[in-house]
Amino acid sequence: MKGFTLWFTGLPSSGKSTLARKVEEILLERGMNVEVLDGDEVRETLSKGLGFSKEDRDTNIRRIGFVAKVLSRNGVVAITAAISPYKDVRDEMRRAIGRFVEVYVQCPIDVLKERDVKGLYKKALAGEIKHFTGVDDPYEAPTRAEIVIDSDQETVDASVAKIIRTLELMEFIPREVGADYSEQDEETIKSRLKDLGYI
């Protein structure tokens with residue numbers, strides 16, 4: 001099985017890490033080699049010392065992308081879960097990695113504020129935290145992500161099923177016999193992949 005990179009992007013607290021870990025579980029159960037590169041963990045290790053300027057954010061994403069590329073070309077499914085706010089650097093990683101699937105986890109700010117157990121949105125909106133993505137730093141949403149998750153409307157299980165089925169239809173992972181997907185979900189996924197030129 002060839003490796004590939006599943007790249008989760010979205011605002012803080014949108015659900016990227018939760019979905020990444022659930023997808024990891026399923027792929028491991030199917031016997032695949034999987035590694036999750038979580039944005040918070042990478043910042044504490046590989047990118048320790050970087051700040052939150054655009055240059056530092058881009059450097060952080062390029063480091064994640066480099067590791068994902070090396071893993072992917074060695075037969076591993078690299079799953080990244082980082083805000084990765086800038087489209088140009090995400091597109092650069094797409095070109096560098098090749099076998100790349102972008103998952104945009106979108107969610108309205110009001111819902112994100114409610115979910116935010118650390119109160120970071122509240123502090124950022126009050127001006128107590130500077131350079132907070134989605135408040136006083138930009139987030140450039142993908143325009144051609146292979147998968148779009150509405151995390152305020154979908155259950156985690158429904159979102160994970162959408163991701164897995166998309167990967168099956170793209171032939172990045174083998175289809176599991178007996179997997180249950182509704183016809184409507186199937187047609188929605190196929191329509192998006194057709195629009196993007198995959199099928």
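Which residue follows α3, with a phi that is positive? That would be Gly75, where phi is near 85°. Keep in mind while reading that this is a predicted model. A few points on what I found when going through it:

1. **Helix α3, overall.** α3 covers residues 54-73, so 20 residues by the DSSP runs used to assign helices. From the first C-alpha to the last, α3 reaches 28 Å, which is close to the 28 Å expected at 1.5 Å a residue.

2. **The buried side of α3.** The buried residues here are Arg57, Asp58, Asn60, Ile61, Ile64, Gly65, Ala68 and Ser72. They sit on the same side of α3 because they cover an arc of only 155° around the axis.

3. Among the elements covering its buried residues are the strands β1 (4-9), β2 (34-38) and β3 (77-81), along with the helices α2 (39-44) and α4 (87-97).

4. **The largest pocket.** This one holds about 1,000 Å³ of space. Its lining is made up of 39 residues, with Pro12, Ser13, Lys16, Asp40 and Ile83 nearest the centre. α3 turns up again here: the elements giving two or more residues to the lining are α1 (16-29), α2, α3, α6 (120-125) and α7 (156-169). Sorted by class, the lining has 15 nonpolar, 13 polar and 11 charged residues.

5. **The second largest pocket.** Here the space comes to about 310 Å³. There are 15 lining residues, and Glu154, Lys162, Asp185, Thr188 and Ile189 are the closest to the centre. At least two lining residues each come from β5 (147-150), α7 and α8 (183-195).

6. **Met32, a loop residue worth a look.** Met32 lies in the loop between α1 and β2. Is Met32 buried or exposed? Its relative accessible area is 11%, and since buried means under 20%, Met32 counts as buried. Met32 touches Met1, Leu27, Val77, Phe172 and Ile173, leaving aside residues up to four places away in sequence. Take Met1 from that list: Met32 and Met1 are 31 residues apart in sequence, yet their C-alpha atoms are 8.1 Å apart in space.

Notes. Residues numbered from 1 in each chain as written. Predicted model: local features only at pLDDT ≥ 70, side-chain atom pairs only at ≥ 80, totals over all residues. Heavy atoms only, no water. Helix = DSSP H or I, 4+ residues; strand = E, 2+ residues; numbered from the N terminus. Expected span 1.5 Å × (residues − 1). Buried < 20%, exposed > 50% of the residue type's maximum accessible area, 1.4 Å probe, protein only. Arc of directions from axis to C-beta. Contact = heavy atoms within 4.5 Å. 1 Å grid on protein atoms, 1.4 Å probe; cavity = no way out; pocket = protein on both sides within 12 Å on 5 of 7 lines; lining within 4 Å. Points joined across faces, edges and corners; volume = space filled by probe spheres on them. Nonpolar A, V, L, I, M, F, W, Y, C, P; charged D, E, K, R; others polar.
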